[in-house]
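Good morning, and thank you for joining.

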Amino acid sequence: MAGERAATLSDVAREAGVSLATASRTLNGSDRVVRPELQERVLAAANKLGYTPNANAQAMARGSTETVGLLVKDISDPYFSTIAGGLAAEAEKHGLLVMLCNTGGQPEREKKFLAALRRQRSRAIVLAGSDTADMGHTGEVADLLTSYLDGGGRAAAISQPRLPVDTVVIDNHGGAQALAERLVGLGYRRAAVLTGPEDLLVSAERHAGFSEAWIDATGSEPTALTDEFSRDGGHRAMSRLLEDRRSNGTEIDCVFAVNDLMAVGALAACREAGVEVGRELAVAGFDDIETLRDVTPGLTTVRLPLAEIGRQALELVLGEPSAELRNKPVHGEVVLRESTPPRS
Amino acid sequence: MAITPAAGSPRSASVKDVAATAGVSLGTVSNVLNRPERVSRTTRERVERAMADLGFVRNESARSLRTGSTQSLAYVMLDAGNPFFTDVARGIELAAEAAGLSLFLCNSDGRSAREGAHLAHLQQQRVQGILITPVDPDDPQIDQLSERGTPVVIVDRTRAGSSFCSVAVDDVLGGRLAVEHLIDAGHKRVAYVGGPESIGQVRDRGEGARQAWTEAGLPPEDLITLSCEAPTVAAGRAAGERLVGLPARRRPTAAFCANDLIALGLLQQTISSGRTVPGDLAIVGYDDIEFAAAAAVPLTSVRQPRQDLGRRAAELLLDEVGDPAHQHEQVVFTPELVARASTLGRP
């Protein structure tokens with residue numbers, strides 16, 4: 001079979017000597033009844049040509065397989081690879097291939113990918129983690145998406161609703177707020193937050209949600225330390241905090257890292273400095289990344305249904321289009337573990 | 001007039017040769033390459049057959065005929081959730097970017113059918129070149145790609161008598177380093193916790209392990225092999241349970257895992273069941289992904305120069321894309337053992 005073009009519905013119709021409509025009604029089902037002898041001819045022809053409906057869909061798309069382009073900020077971040085996995089599993093059910101585009105958070109790369117996906121006539125585009133406070137760039141992406149949409153493409157975003165597309169909105173603010181409230185409930189009073197760059201919306205929202213709730217509940221504002229939104233960034237920020245704690249005696253009983261990767265770096269810094277996490281200092285993260293569940297002590301975090309988020313984003317681009325832009329909110333769930341024991 | 005290429009120089013066929021062989025005009029050949037919908041099916045097939053017969057290299061003519069082609073490369077990987085592959089991708093990305101190309105990442109998820117669909121699609125999209133860590137390195141579809149004019153470089157596998165470039169790490173040596181380290185530390189009963197035997201890397205690392213064991217004169221029955229369903233964290237946890245189930249006499253004091261994900265799962269299970277690492281079980285992983293150093297007990301592992309692997313592979317691919325006189329190379333990197341607390345214990 002190698003090298004042969006897949007049989008289309010037209011081929012089956014021709015082989016059976018019936019109209020395209022008759023072939024379609026027989027094979028795809030219909031309210032209109034097809035005469036038994038015609039049905040038999042169609043089925044025999046389909047069998048002979050090795051016709052399958054999926055092959056037909058593919059052939060109809062100019063003989064090429066349909067794809068969905070997924071733009072992510074950093075595929076090596078388990079947060080994004082988990083979303084990608086959820087989206088890909090759903091895409092498979094629809095016979096779609098996923099083209100993963102790693103933007104590295106770089107505007108130029110993002111634009112190049114969008115242009116390439118459009119040239120390739122990708123059926124749909126999903127943008128995950130495009131969030132930047134850089135309005136100029138957001139504007140350029142919006143323009144590229146608009147012309148892609150005008151050409152018949154479908155698009156959605158997983159992030160904050162800043163782009164002119166349906167968006168799965170992750171309630172980062174609310175998740176961090178809930179975490180802060182639970183930690184205060186456990187008895188913690190003086191917090192520090194390890195954040196990523198302030199122009200990274202995911203980080204800024206989690207930071208804001210946590211800090212606002214903390215101030216409301218305790219009256220004190222958490223100290224903020226900024227570094228890269230990565231394991232190394234968390235390591236460096238925590239090292240600075242511990243140094244400060246050592247030399248100035250700053251009282252901190254609880255550290256919130258705005259993502260699990262930073263939290264893991266922070267845990268390593270504590271281990272190196274001989275600071276016992278849980279007993280001496282509480283640490284919490286955000287995302288609940290699976291690979292990181294081996295850390296000891298278990299890391300308190302906010303769980304996001306990441307695979308589900310990927311799936312929902314695909315549903316938005318494959319389902320019925322809507323006249324109004326849709327925002328689908330997704331909330332996280334606080335997961336308490338040994339890194340934040342009740343404070344006596 | 002049929003033109004046969006000289007042996008060993010499959011790139012001698014030009015568009016003119018194809019046109020002559022198929023008995024069509026240059027314009028028709030151009031249409032077959034760039035606007036196939038304008039050509040009748042019979043004619044198209046005749047031209048494609050001529051291309052295959054002549055070993056015609058599509059990209060060469062594309063440089064002169066094609067305008068506005070998709071300026072990109074693609075990397076078809078086994079598992080986008082495994083940091084090993086995303087690190088390799090990072091290396092490829094750097095080289096691609098330097099050449100002004102975008103890089104698409106395609107996940108075969110270890111399945112041939114999915115891989116095949118990606119390859120077919122990428123070929124149709126006429127990406128400049130494809131890097132692939134294949135499910136099955138001997139898959140004829142890979143050869144077909146190359147024959148039909150899309151340069152391919154194989155990453156993390158070598159193939160004997162290869163008609164493409166490949167970049168890999170000496171996994172047999174890696175397996176030896178891991179087990180030699182355990183033997184040096186005094187272990188006399190070791191488990192090799194591998195993924196499915198169908199994966200070449202798993203077999204090679206196991207082979208290295210066996211070589212080191214045999215050379216040390218240790219009884220073969222004291223190096224046991226456990227096969228995991230998949231090279232994942234979950235499978236590593238399951239392996240941990242199986243190890244505990246062995247009678248005390250037969251239970252290994254150390255485990256060499258086929259990759260870090262399995263090792264991390266084994267580590268999780270060992271610690272959560274109240275045992276210590278390396279006290280009750282020393283563990284060695286493979287790949288040295290970032291999480292290895294970050295694990296609760298930092299993991300001894302065999303470092304693969306993943307980004308270098310990716311970058312070198314991309315460089316070879318770009319060379320092939322740009323140079324008709326390109327000679328294929330099989331590049332092998334040497335791994336190194338990075339010893340950490342999971343075998344050394346804490347200072």
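How many helices and strands does the secondary structure of chain A come to? Chain A has twelve helices and twelve strands, taken as DSSP runs numbered from the N terminus, with helices being H or I of at least four residues and strands E of at least two.

A word on conventions. This is a predicted model, in which local features need pLDDT of at least 70 and side-chain atom pairs count only at pLDDT 80 or more, while totals for chains, interfaces and linings use all residues. Residues are numbered from 1 along each chain as its sequence is written, chains are lettered from A and ligands numbered from 1 in the order in which they are written, and side-chain values use heavy atoms, leaving out hydrogens and water.

Now the overall dimensions. The C-alpha atoms of chain A fill a box of roughly 90 × 40 × 35 Å along the principal axes. Of the 344 residues, 54% are buried, meaning under 20% relative accessible area with a 1.4 Å probe, protein chains only.

Let us turn to helix 12 of chain A, residues 306–318. Its 13 residues reach 19 Å from first C-alpha to last, close to the 18 Å expected at 1.5 Å a residue, where the expected span is 1.5 Å times one less than the number of residues. Among its buried residues are L306(A), I309(A), G310(A) and L318(A). Their cover includes helix 5 (78–93), strand 1 (67–72) and strand 11 (327–330) of chain A.

Terms used: Buried means under 20% relative accessible area, exposed over 50%, partly exposed in between (1.4 Å probe, protein chains only). Contact means heavy atoms within 4.5 Å.
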